[in-house]
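Let's take a walk through a protein structure together, one piece at a time.

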Amino acid sequence: MATVAVPQLSGYHRPAVLDWITTVDHKKLGILYLYFTLFFFAVGGILALLVRTQLAVADNSFVGNDAYNQIFTMHASAMLFLFIIPVWAGFGNYLVPLQIGAADMAFPRINALSFWMLPPAGILMFAGFIVDGGAADGGWTAYSPLAQQTGVGMDMWIIAVIVLGMSSTIGAANFLVTMFRMRAPGMTMFRMPIFCWTMLVTALLQLLATPVLAAALVMLFIDRNYGGQFFDPNGGGNVVLWQNVFWFYSHPAVYIMILPGMGIVSEILPVFSRKPLFGYKAFVFATIGIGGLGFSVWAHHMFTTGSVLLPFFGFMTFMIGVPTGVKIFNWLGTLWGGSISFPTPMLFAIGFVSMFLIGGINGTYSAAVPVDFALHDTYFVVAHIHYVLFGGSVFAVFGGLYYWFPKIWGRKLNERLGKLHFALMFVGFNVAFFPMHMLGLDGMPRRIAVYADSAGWEALNMLSTGGAFLIAVSMIPFLIAVVMAFMRPKDQPDDPWEANTLEWATTSPPPHYNFDSLPPVRSERPLFDARHGDEAH
Amino acid sequence: MAAHGAAERQGMTNSMLGFILFLASEVMFFGGLFAAYFIARADAPAWPPPLTPEQIAEGVKLELEVVLPAISTGILVVSSITMQYAVWQIQKGNQGGMLWGLFISLALGIVFLAAQLYDYTQLHFLADDTIYGTTFYTLTGFHGAHVAGGALFIAVVTVRGLGGQFTAENHEAVEAASMYWHFVDVVWIALFTVLYIIK
């Protein structure tokens, strides 16, 4: 299907650059999102290598304390605000309309606005490096009073994050309307692909949590620039107020950063196990459960402040392990008894499940109040966040790129290079981040630039640095595979993986209007039904 | 192409649903600011909080005059009613009635903003005078900015209405402007209650 030659208007063609700048096509905007976010993944990665180089040996003076503070702050800010959160908007933009059988998003021009707010914000945030006092250096959490004491780079960071937040808020409204209103005939809510469901819950979290971050950042800006007293105890303010409003956003935000990754994995595992996702509805309700519970656990970042209700937030944090555990069983049940093959997307998906499981377990472990008191602000927390956001989200990003590359760019990435990429990244990841558990248990605080030789942390830090560089090396086969793919013609059929969802029912890449015709949608696997007829039911 | 927008033919339009979601995010924004105010007030030993001797010497007084804001509240509530009147009129296809409703709402909104600015000049404290001043100016300031935005919205709708763009069937922008206006009205009633009334 969808092989009919499309009549082209001869005559006027917009120049390519103008076309990309003015496009409102969800697919092109999705590609722009992907380019933008992968660029900042590289920038954040270089900053991470600087961090690891500084920490490789004891008593190091490689970058200096002030620069170090800027570097780790901007590493996290780039990775969270300019990579992980918008990269899901990139996948979502490209895939959600295709997966629900629509021609575009509900509001294409607002969609373009969402994207075009990102580059100015990214430039503003990084322009901090060239102003007096340097870039933001209060950590990505910008705790008061630290965030009050730093230079103008902090104000630029605040404005940039507010703009990024606006982008994701209006983007969220766009995704919600698209999924509520634009589904193809037969595509009921419970037939939507799992990736769409995770984008839906993510969009709800963004819509309701991001404005609270904007409120927090506005207060910080007023405190810094207009003599405000929100976080200043001298004027009756409260430093812990910042932590409350900040984490009210930023805890749901960690689900914003992981849920679409779970969705991608849940698309990949069934295709390469040749089975439907085990427990589709359980997965949907678990996703909704994580989204709902996500609003009730923010204070587990604040146990040691002594001003939060420890039993409640500890208990709720354990509770959130339940829907997360449900998902692990969804994935294992999908693999169980399947006819499994191991192309590169599948490797990244399985890497996700195993690494995210470790991140989930060490997270739930540190939700126990006494454990948290011991581990708060140590490298154990750094290990946890990277097992969730790198072992989880980043593995899902690459799994998604290998999986949808044939659809988006019409070419397949080289399998051998992909497997090499996965192997290097998997080993490098564990070498880089597993030792951080031990360092944390040994008491190494996060965010320090220098540690004494007598602390005895050098060997594990050196190991971790080696792992970080191995991750960097793992990007080489990926980049070679991308270059090689672009040197080849677009040769991919509609459905190279024998997949389940509607994006594979059109050409690779799809025409700008997406579909010539749609197969009937009678289950959550319309393409499986189309391949096998009705005997499957 | 056949599939595009298949589900959108029933119920409210996509634009309206999108606008309601946008309003939900606005509610959360004010929710964050209100939460900060409540936490500050709950933590304070006294409300208004005590001043330093220097602040007292400078003539700072943490007091609010209630009469003018009470009148402003009445003005804003009336403007909400006239705005709803505009919606009801255009639902019946009465463009003239709608325009009267829009004009009066816009005028009342501008009067509210002017009264608010005048009120600011009568106060004896600034944003840096304790958490009381900070929260007062932040909350009322952001509310005022939203009133200004809403007035601009009504002005645009009015100009479009003068051009005869709205009919009984097609008047979404009027409904959206009205919803936005009710939203800023409700926020103001909450603000007036907690800032001026509850001691």
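What follows is a tour of this predicted model, from one chain to the contact between chains and then to some local details.

Let's begin with chain B. Now look at who touches whom inside chain B: among contacts between residues at least 6 apart in sequence, 81% join residues at least 24 apart.

Next, bring chain A into view. Here 34 residues of chain B are in contact with 38 residues of chain A. On the chain B side, the elements giving two or more residues are helix 1 (14-43) and helix 5 (130-162) of chain B. Helix 1 of chain B supplies the largest share, 18 residues. Sorted by class, the side of chain B that touches chain A has 20 nonpolar, ten polar and four charged residues.

Now for the nonpolar core. The largest one has 215 residues, and Leu176(A), Ala216(A) and Val265(A) touch the most other members. Helix 7 (residues 194-225) of chain A gives this core its largest share, 23 residues. Zoom in on Ala216(A) for a moment. Leaving out residues up to four places away in sequence, Ala216(A) touches Trp242(A), Val245(A), Phe246(A), Tyr249(A) and, over in chain B, Gly32(B).

Helix 15 of chain A covers residues 458-486, which is 29 residues. At 1.5 Å a residue, helix 15 of chain A should span 42 Å, and its end C-alpha atoms are 43 Å apart, so the two values agree. Which residues of helix 15 of chain A are buried? They are Asn461(A), Ser464(A), Thr465(A), Gly467(A), Ala468(A), Ile471(A), Ser474(A), Pro477(A), Phe478(A) and Ala481(A). The buried residues of helix 15 of chain A pack against helix 2 (26-55) and helix 14 (415-441) of chain A.

Helix 14 of chain A has another partner to show you. Two packed helices are described by the angle between their axes and the distance between the axes. The axes of helix 11 (residues 344-365) and helix 14 of chain A come within 9 Å and cross at roughly 10 degrees. Angles under 35 degrees count as roughly parallel, and that makes helix 11 of chain A roughly parallel to helix 14 of chain A. From helix 11 of chain A come Thr344(A), Leu347(A), Phe348(A), Gly351(A) and Asn362(A), which meet Glu415(A), Gly418(A), Lys419(A), Phe422(A), Phe426(A) and His437(A) in helix 14 of chain A. The residues of this contact divide into four nonpolar, five polar and two charged.

Let's finish in the loops. Between helix 5 (118-127) and helix 6 (152-181) of chain A you'll find Gly151(A). Gly151(A) and Gly133(A) are 18 residues apart in sequence, but their C-alpha atoms are 5.1 Å apart in space. Not counting residues up to four places away in sequence, Gly151(A) touches Asp132(A), Gly133(A) and Gly134(A).

Most residues other than glycine have a negative phi, and most peptide bonds are trans. Pro145(A), in the loop between helix 5 and helix 6 of chain A, is joined to Ser144(A) by a cis peptide bond, with omega about 0 degrees. In chain B, the peptide bond from Trp47(B) to Pro48(B) is cis, with omega near 0 degrees, and Pro48(B) sits in the loop between helix 1 and helix 2 (53-57) of chain B. As for phi, Asp377(A) has a positive value near 60 degrees, and you'll find Asp377(A) between helix 12 (369-375) and helix 13 (379-409) of chain A. Asp377(A) is exposed, with 12 other C-beta atoms within 10 Å. Glu498(A) has a positive phi of about 55 degrees, in the loop between helix 15 and helix 16 (526-532) of chain A.

Key: Residues are numbered from 1 along each chain as its sequence is written. Chains are lettered from A and ligands numbered from 1 in the order in which they are written. This is a predicted model: local features need pLDDT of at least 70, side-chain atom pairs count only at pLDDT 80 or more; totals for chains, interfaces and linings use all residues. Helices (H or I, at least four residues) and strands (E, at least two) are DSSP runs, numbered from the N terminus. The expected span of a helix is 1.5 Å times one less than its number of residues. A residue is buried if 20 or more other C-beta atoms lie within 10 Å of its own, exposed if 12 or fewer, and partly exposed in between; C-beta atoms are placed from the backbone. Two residues are in contact if their C-beta atoms, placed from the backbone, lie within 7 Å. Ala, Val, Leu, Ile, Met, Phe, Trp, Tyr, Cys and Pro count as nonpolar, Asp, Glu, Lys and Arg as charged, and the others, Gly among them, as polar. A nonpolar core is a set of buried Ala, Val, Leu, Ile, Met, Phe, Trp, Tyr and Cys residues joined through C-beta atoms within 7 Å. Axes are lines fitted to C-alpha atoms, for helices over the stretch in contact, and angles run from 0 to 180 degrees between N-to-C directions. Angles under 35 degrees count as roughly parallel, over 145 as roughly antiparallel, 65 to 115 as roughly perpendicular and the rest as oblique.
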